[in-house]
Amino acid sequence: MSEARLTELETRLAFQDDVIQGLNLGLADQQRRIAALAAEVAELRRQLRALAPAEADPEHQAPPHY
C-alpha cells in the first residue's frame, strides 16, 4: 500500500471518528431532552388528574339548561 493511500485512509478514519463523536453527543442531548419532556408530561398528567375530581363536583357544573 502506498504512503499516499495510507495517509488518505487515516484522514478518512479521523474524519469519521469526529463525525461519530458529534452524532453521539447530539443523540445524548436528544435523550436528555426527551427524558425531561417525558417527566414534564407526567407531571402535567398528575396535575390534570388532581383537577378532575373538582370538575366532576356538581357545584362546579353548569345547570342542565345551559
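Biologist: What should I know before I start?

Modeller: Residues are numbered from 1 along each chain as its sequence is written. The model is predicted, so local features need pLDDT of at least 70 and side-chain atom pairs pLDDT 80 or more, while totals for chains, interfaces and linings use all residues; side-chain values use heavy atoms, without hydrogens and water.

Biologist: How many helices and strands does the protein have?

Modeller: Helices are DSSP runs of H or I, at least four residues; strands are runs of E, at least two; both are numbered from the N terminus. Here there is one helix and zero strands. Helix α1 covers residues 3-56.

Biologist: What share of the residues counts as buried?

Modeller: Buried means under 20% relative accessible area, exposed over 50%, partly exposed in between (1.4 Å probe, protein chains only). Of the 66 residues, 0% count as buried.

Biologist: How do I read a salt bridge?

Modeller: Look for a side-chain nitrogen of Lys or Arg within 4 Å of a carboxyl oxygen of Asp or Glu. The whole structure has five. One joins glutamate 8 and arginine 12 at 2.9 Å, N to O. These two are about one helical turn apart, because they sit four residues apart in helix α1. Arg5, Glu8 and Arg12 form a network of salt bridges.

Biologist: Which partners does aspartate 29 have?

Modeller: Aspartate 29 bridges to arginine 32, with the closest N and O atoms 3.9 Å apart, and to arginine 33 at 3.3 Å, N to O. Aspartate 29 is partly exposed at 30%. Arginine 32 is exposed at 54%, and arginine 33 is exposed at 55%.
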